[in-house]
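My notes follow in the order I looked things up.

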Amino acid sequence: MSIVLEEMQRLSPAAEIWWDSSPLDFPRWRDQFLAGAPDRASRERWEGRLRTFLCPDDPDVSLVRGVTTNPSLVARSVLATPGPWEEWIDRTVRAQPLPDLDHTFHLVYEEALRRAARAMRPMWEATGGRYGWVSGQLDPRLMFHAGAMTEQGLRIARIAPNLMVKVPGSAAGYQTIRTLVGHGISVNNTLSYTVPQFLACVDAVNGGLRDAARRGVDTTRWRAVFTHMIGRFGANTDLLHEAAARDVELTATDLRWGEIAVLKRVHRLIAEHGHPVKPLLSSLETDDPAQGFGGLSMHLEHSAGGSVAYTCKPQFVGDVVRREAELPRLDAQAIHADVPGQVLDKLMWLPSFQRGYLPDGMSADQFAHYGAFTATYAEVLGNTRRLLDFVARRFQALSSRARPLSLSGHPR
């Protein structure tokens, strides 16, 4: 396993490593990664690091404790192996009395979640529901409709007991989170970047737990995580535009500190108030020394020692394995250290940073207008359309009189 990620868990037993893709994609990615090794010694070393990285059938050995997916990742997984999926879609379409494009799209997405959950279930069973979760994200096209998201969330949760419903950080999303938690359903709050969103998540989760208690709903195997899309916070171009307009010199390191500042505030709020939500870092990045960084990853270095989950995309895992010698000695108290005062003072000049960092920086109806949110939303919608088009092409291939189909699933 990666000695870097293993060290993060050693410093904090509450730290968790997750895999940011389907568990079924790991063997293919691992083999491709190892094939790119520059020499035999590197290949053997990397192979040793990855041998115990993801082992759902052996939780005592596996470094990975959970899995995150989203429409973009599911689309990438399906499109990477189109043949078997084409056959599955064809059978599914033929089984429908009145085949519908949108319904078939949801069946494909739910089947991908079912397969991922099946792969991770041995870990979930062996650990009594503590680990082995798979996050299944709601359709991004429903992001502003609480009723529709709740309906889909209830359906996703019925697929497998280790499916955690991934709900966006929109105002409607927090209504959905409360309803789902009230039914005892585990949740992952995604498209979230800011402290105000974290507090909205806490309010929704606590309200849902109160509702569950009143109804006598069992929550003994329930979990909630708050996904801080940490690398996407700093990638928000609004920060750079605001800095330039104010003659504030903002370096790549300053942006990293801004991302870390949000995490540290969230982590501190959890420690002080005992909120039943764990921060889960996604969009993790390794750092480029050419841009002034002094180590492998500020995200890892400055969160060490925390009760944090890290969901690692394949590229990040590969970079960490390749560059593990560049990680400086980790400090078990790093999560508790303050962000440098001069950097925080600089960042506080920027309205977008203030909105993301201050507890009252935004109201819930402003979340979906935040720069990082809109950028991610557009990307996820684009990948959803790619998967929808893949399904649409199968409809047309099966039709004796193929004609264009609209995205709603109805013929033009």
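I began with burial. Buried residues make up 57% of the 412 residues in the protein chain. Here buried means under 20% relative accessible area, exposed means over 50%, and partly exposed lies in between (1.4 Å probe, protein chains only). I noted that this is a predicted model, where local features need pLDDT of at least 70 and side-chain atom pairs count only at pLDDT 80 or more, while totals for chains, interfaces and linings use all residues. Residues are numbered from 1 along each chain as its sequence is written, and side-chain values use heavy atoms, with hydrogens and water left out.

**Entry: overall build**

I looked up the secondary structure next. The protein chain has 17 helices and eight strands. Helices (H or I, at least four residues) and strands (E, at least two) are DSSP runs, numbered from the N terminus. The radius of gyration is 21 Å, close to the 22 Å that the globule rule gives for 412 residues, so the chain is as compact as a globular protein of that length. That radius is taken over C-alpha atoms, and the rule is 2.2 Å times the number of residues to the power 0.38. The C-alpha atoms fill a box of roughly 65 × 55 × 50 Å along the principal axes.

I also checked contacts, meaning heavy atoms within 4.5 Å. Among contacts between residues at least 6 apart in sequence, 78% join residues at least 24 apart.

**Entry: the barrel**

In what order do the eight strands close into a barrel? I traced β1-β2-β3-β4-β5-β6-β7-β8, with parallel pairing. Neighbouring strands of this sheet are turned by 30 degrees against each other on average, direction ignored. Axes are lines fitted to C-alpha atoms, for helices over the stretch in contact, and angles run from 0 to 180 degrees between N-to-C directions. Two strands pair if DSSP finds at least two bridges between them.

I started at β1 (residues 16-19). Glu16 and Trp18 point one way from this strand, Ile17 and Trp19 point the other way, and all are buried. Four bridges join β1 to β8 (residues 309-312). Ile17 has Tyr310 as its bridge partner in β8. On to β2: three bridges join β1 to this strand, and Trp18 stands opposite Gly66 there.

Then I followed β2 (residues 64-68) to β3 (residues 133-137), a parallel pair with three bridges. Val67 stands opposite Val134 in β3. Helix α6 (residues 101-126) packs on the sheet and touches β2, β3 and β4 (163-168). The direction of α6 makes about 165 degrees with that of β3. Helix α7 (residues 146-157) lies across β3 and β4, at about 160 degrees to β4.

**Entry: strand β7**

Why call β7 (residues 278-282) largely enclosed? Five of its five residues are buried, so the rest of the structure largely encloses this strand. Lys278, Leu280 and Ser282 sit on one side, and Pro279 and Leu281 on the other. Five bridges join β6 (residues 224-229) to β7, and Val225 partners Lys278. β7 and β8 pair over two bridges, with Leu280 partnered by Ala309.

**Entry: the nonpolar cores**

A nonpolar core is a set of buried Ala, Val, Leu, Ile, Met, Phe, Trp, Tyr and Cys residues joined through side-chain atoms within 4.5 Å. The largest has 124 residues. Leu5, Trp19, Leu50, Phe53, Val205, Tyr310 and Phe353 touch the most other members. A second, separate core of seven residues includes Trp18, Trp133, Met164 and Val225.

Glu324 is in the loop between α14 (314-322) and α15 (341-347). Is Glu324 buried or exposed? At 12% relative accessibility, Glu324 counts as buried. Beyond neighbours within four places in sequence, Glu324 is in contact with Ile3, Val4, Arg45, Arg49 and Leu296.

**Entry: Phe233**

Last, I looked up Phe233, in helix α10 (residues 230-234). Phe233 counts as buried at 1% relative accessibility. Leaving aside neighbours within four places in sequence, its contacts include Tyr193, His228, Phe353 and Tyr370.
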